[in-house]
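My notes follow in the order in which I checked things.

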Amino acid sequence: MRLTCPFCGSRGVEEFTYRGDATVRRPAAEAGDAAWVDYVYLRDNPAGLHQELWYHGVGCRSWLVVTRDTRTHLVSDVRAARAVAQAEHKEGAA
């Protein structure tokens, strides 16, 4: 599998480290115990398109959000995690 880093170009997957589900959001500090249990222990196992966090440790050391089909491993999008977070922040502020 190859990932196209927005900064370094197409690279082999061995340069990257999978770091988890990019759709999970940390609960607010005042959230109850049930919200924290869900956050720490419960994860979906999607079949199809899914956003994942990857770290380009051997390259530019960037955090990336990779959209990948979990059934075929086809990567349809790779974006800098910072750009994704900024876009989500703008949407939330609007």
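Entry 1, the sheet. I counted two strands as paired if DSSP finds at least two bridges between them. The model is predicted, and I read every entry below with that in mind. With that rule I found an open sheet of four strands in the order E3-E4-E5-E6, with antiparallel pairing. I then asked which strands stand at the edges. They are E3, residues 17–21, and E6, residues 75–80; each has a single partner strand, so one side of each is left without a neighbour in the sheet. The twist from one strand to the next averages 30°.

Entry 2, E5 against E6. I looked up how many bridges join E5, residues 63–69, to E6. There are five, and the two strands run antiparallel. For one pair I noted the partners: threonine 67 is bridged to aspartate 77 in E6.

I listed two helices and six strands. Read from the N terminus, the elements run β-β-β-α-β-β-β-α. The C-alpha atoms fill a box of roughly 45 × 30 × 25 Å along the principal axes. Of the 94 residues, 26% are buried. The chain exposes about 6,600 Å², and carbon and sulfur atoms supply 51% of that area. I also looked at contacts with a separation of 6 or more: residues 24 or more positions apart account for 44% of them.

In soluble globular proteins, nonpolar side chains tend to be buried together.

Leaving aside neighbours within four places in sequence, cysteine 5 is in contact with Phe16, His56, Cys60 and Leu64. Valine 78 sits in strand E6. Is valine 78 buried or exposed? Its relative accessible area is 17%, and the cut-off for buried is under 20%, so valine 78 counts as buried. Not counting residues up to four places away in sequence, valine 78 touches Thr4, Pro6, Leu64, Val65 and Val66. I also took the distance from valine 78 to arginine 68: the two are 8.9 Å apart, C-alpha to C-alpha, and ten residues apart in sequence.

I found serine 62 in the loop between E4 and E5. It counts as buried, at 15% relative accessibility. Leaving aside neighbours within four places in sequence, serine 62 is in contact with Phe7, Trp54, Tyr55 and His56.

I wrote up three of them.

Glutamate 88 and arginine 25 meet through their side chains at 3.0 Å, N to O. This pair links distant parts of the chain: glutamate 88 is in helix H2, arginine 25 is in the loop between E3 and helix H1 (33–41), and they are 63 residues apart. Glutamate 88 is partly exposed at 36% relative accessibility. Arginine 25 is also partly exposed, with a relative accessible area of 45%.

Arginine 68 and glutamate 52 form a salt bridge at 2.6 Å, N to O. Arginine 68 lies in E5 and glutamate 52 in E4, so the pair ties together parts that are 16 residues apart in sequence. I checked the cover on both partners. Arginine 68 is buried at 12% relative accessibility, and glutamate 52 is buried at 2%.

Aspartate 69 and arginine 71 form a salt bridge at 3.3 Å, N to O.

Terms used:
Residues numbered from 1 in each chain as written. Predicted model: local features only at pLDDT ≥ 70, side-chain atom pairs only at ≥ 80, totals over all residues. Heavy atoms only, no water. Axes fitted to C-alpha atoms, helices over the stretch in contact; angles between N-to-C directions. Contact = heavy atoms within 4.5 Å. Salt bridge = Lys/Arg side-chain N within 4 Å of Asp/Glu carboxyl O. Buried < 20%, exposed > 50% of the residue type's maximum accessible area, 1.4 Å probe, protein only. Areas by Shrake-Rupley, 256 points an atom, 1.4 Å probe, with all protein chains shown as cover.
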